[in-house]
Amino acid sequence: MPDPLLTLAGVHTHIGHYHILQGVDFEIARGSFTVLLGRNGAGKTTTLRTIMGLWRASRGTIRFAGEDVTARPTPDIASAGIAYVPENMSVFSGLTVRENLVLAARAGKIDAARLEWIFSLFPALQRFFDSPAGTLSGGQKQMLAIARALIEPRDLILVDEPTKGLAPAIVGNMIKAFREAKNAGATVLLVEQNFKAARMLGDTVVVMDDGRIVHRGAMAELAADAALQQRLLGLHMEQHA
Amino acid sequence: MTDRIAEREETAVAAPRIDWIPILLTVGVALVALPLIGSFSTWMTLTVAALAMGMIIFIMASGLTLVFGLMDVINFGHGVFISVGAYMSLLVLWPLTGWVESPSIWLNIAVLVLCILVAMAISGLFGLAFERVIIRPVYRQHLKQILVTMGGLIIIEQLLHVFFGGSPITIALPQNFRGGLAIGPDIIVERYRLIAVVVGVIVFLAMMLVLNRTRIGLLVRAGVENPEMVEALGYRIRRLFVGVFVAGSALAGLGGVMWGFYQQTLTVGMGLQVLVLIFIVVIIGGLGSIGGCLIGSLLVALVANYTAFLEPKVALISNIALMLLVLMWRPQGLYPVVKV
């Protein structure tokens with residue numbers, strides 16, 4: 001792959017006595033939209049947290065934009081240009097929507113045009129701009145978590161299961177937002193259980209099982225191969241019709 | 001159906017930001033005490049005394065609640081910064097006795113301000129060293145935190161013994177802060193208590209200003225909720241921890257100065273003596289909540305003063321009973337800080 005933005009080579013992660021990632025290897029090309037798929041407990045969230053330095057890789061190398069970031073502290077990794085949207089959203093409930101976004105804008109203030117773009121993607125955030133994030137609904141919190149990652153241009157956005165537990169109409173908004181981010185040139189690594197959403201967004205797919213990568217390739221290939229889906233993901237046709 | 005759910009999600013209404021119930025509860029406690037006490041002037045004297053005491057407790061406890069909330073550190077050594085602050089005021093009071101005894105209110109105010117500044121600076125420096133040497137090796141280890149911070153407290157207390165001796169030291173209030181002030185017919189309140197209230201209000205407003213109007217404050221509030229996410233946004237939370245610890249120690253030093261003047265006697269163990277009260281306030285208020293800390297301080301002081309007047313024996317357990325009742329009502333404290 002020419003000039004990969006992110007490279008994981010033989011990454012192992014231990015959490016306590018558990019050996020979660022067992023030699024993860026994959027690359028992400030600049031400008032690509034990669035979906036990380038896998039059953040529950042496959043190690044997808046651990047992979048994102050290890051990239052962010054929230055859990056330390058016990059072995060292996062993580063390179064971002066040509067730099068070895070394996071042992072770097074999380075703030076340095078974030079400052080290098082990686083935004084992270086965790087599975088539990090982690091919006092700051094006691095802070096308003098505005099304050100959440102101001103904090104995510106490392107420059108100290110929000111770019112007005114960028115904010116307008118975010119409002120066009122998530123109108124609810126405009127309506128509740130000065131409300132505490134804790135008073136938002138689950139879907140709105142998820143919108144805010146994604147908006148926080150989009151408030152400034154980032155080289156790479158890591159997103160962990162953004163559609164989990166959300167109503168289909170809101171999932172639709174989110175897919176639209178990710179498409180626009182992708183069109184704007186963002187590189188995205190998305191962990192997703194919802195194969196229908198994943199298929200609509202991803203151009204590359206990486207599949208994990210038991211802490212290892214078991215498949216990588218084009219999303220179109222996997223989407224067209226029901227048998228491969230069944231083997232890798234345990235999906236039946238009716239689950240992603 | 002799903003569209004309807006989505007619509008409901010989209011139009012969720014934001015709840016009001018201020019929870020008035022604990023504030024009204026505090027006012028209610030004061031009002032309920034009035035008919036029980038019977039005399040308005042006595043009630044007023046007790047209430048102003050409680051407000052002064054509450055404000056001093058708030059100053060001493062506010063740093064601890066942030067340290068608790070942001071750093072998840074159980075710092076039993078916090079009390080020693082109160083003692084350090086109180087003793088450091090001697091460095092100003094001894095050479096400037098003339099200012100203390102001066103009839104000029106400006107010189108009296110100047111000596112108080114100097115005491116506060118010196119105490120805050122030196123307590124802050126002690127806090128910096130304490131965080132580096134004692135706290136840093138035991139982050140995320142609560143049991144060890146209790147042991148080593150108690151150990152640190154004992155060491156610094158012994159240092160105070162070495163430099164200032166073991167006997168209690170009497171200090172005099174500046175001339176114009178002595179005695180009472182008539183604020184109504186038959187209502188006389190001690191001047192110093194009014195000053196303590198003013199200082200407490202200034203500290204509270206300054207803290208609210210910093211927490212709500214500055215980027216550092218925003219980071220502290222976010223860090224209290226979810227330090228990991230603050231780091232994932234690119235901020236070095238460890239630096240913030242150190243800053244908050246130093247500020248918390250400096251505030252304890254300020255509280256020590258105010259508490260020392262309140263008692264007019266300094267003992268090395270004075271910080272440890274009020275530590276239990278401070279922990280009660282922090283728990284009642286909600287770990288990490290400055291507003292909760294203020295309301296908790298006032299509530300504790302009001303209940304202690306009223307019960308001491310009405311039923312002195314009950315006063316001995318009034319704070320514990322109050323904490324028990326509050327926790328039965330709100331297990332996370334009056335103003336729980338949502339932690340992720």
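In strand 2 of chain A, His19(A) is the bridge partner of His14(A). The model is predicted. This pair belongs to the contact between strand 1 (residues 4–15) and strand 2 of chain A, which are joined in the antiparallel sense over 9 bridges.

A second open sheet in chain A holds 6 strands in the order 6-7-8-3-9-10. Its pairing is mixed. The edge strands are strand 6 (82–85) and strand 10 (212–218) of chain A, each pairing on one side only. From one strand to the next, the twist averages 15°. Strand 6 of chain A pairs with strand 7 (residues 156–160) of chain A in the parallel sense, over 4 bridges. Within strand 7 of chain A, Val159(A) stands opposite Val85(A). Helix 1 of chain A packs on this sheet as well. The helix touches strand 3 (33–38), strand 6, strand 7, strand 8 (187–191) and strand 9 (204–209) of chain A. Its direction makes about 145° with that of strand 7 of chain A.

The domain assignment divides chain A into domain 1 (4–81 + 155–239) and domain 2 (93–153). The contact draws on 14 residues from domain 1 of chain A and 13 residues from domain 2 of chain A. The C-alpha centres of the two domains lie 24 Å apart. Between them, about 1000 Å² is buried, and carbon and sulfur atoms give 72% of this area. The interface of the two domains has 0 salt bridges. Polar contact links 3 residue pairs across it. Helix 7 (residues 168–183) of chain A gives the most to the side of domain 1 that touches domain 2, with 8 residues.

Trp117(A) lies in helix 4 (residues 112–121) of chain A. Beyond residues up to four places away in sequence, Trp117(A) touches Leu150(A), Glu180(A) and Ala181(A). Trp117(A) and Ala177(A) are 60 residues apart in sequence, with a C-alpha to C-alpha distance of 9.8 Å.

Chain A and chain B also meet. The contact takes 43 residues from chain A and 31 residues from chain B. The two chains bury about 3000 Å² between them, 58% of it on carbon and sulfur atoms. In chain A, Pro75(A), Phe92(A) and Leu103(A) lose the most area to chain B. Together they account for 19% of what that side buries. Across the interface of chain A and chain B there are 3 salt bridges. The side chains of Glu99(A) and Arg221(B) meet in a salt bridge, at 3.0 Å from N to O. Polar contact between chain A and chain B involves 11 residue pairs. Several helices of chain A each supply at least two residues of the side that touches chain B, including helix 2 (74–79), helix 3 (97–104), helix 5 (123–127) and helix 6 (138–150). Helix 1 and helix 7 of chain A are also among them.

Notes:
Residues are numbered from 1 along each chain as its sequence is written. Chains are lettered from A and ligands numbered from 1 in the order in which they are written. This is a predicted model: local features need pLDDT of at least 70, side-chain atom pairs count only at pLDDT 80 or more; totals for chains, interfaces and linings use all residues. Side-chain values use heavy atoms; hydrogens and water are left out. Two strands pair if DSSP finds at least two bridges between them. Domain bounds come from an automatic or database domain assignment. Contact means heavy atoms within 4.5 Å. Buried area is the accessible area (1.4 Å probe) that two parts lose on being put together, summed over both. A salt bridge is a side-chain nitrogen of Lys or Arg within 4 Å of a carboxyl oxygen of Asp or Glu. A polar contact is a pair of N or O atoms within 3.5 Å; within protein, one must be able to donate a hydrogen and the other to accept it, and residues adjacent in sequence count only if both atoms are side-chain atoms. Axes are lines fitted to C-alpha atoms, for helices over the stretch in contact, and angles run from 0 to 180 degrees between N-to-C directions.
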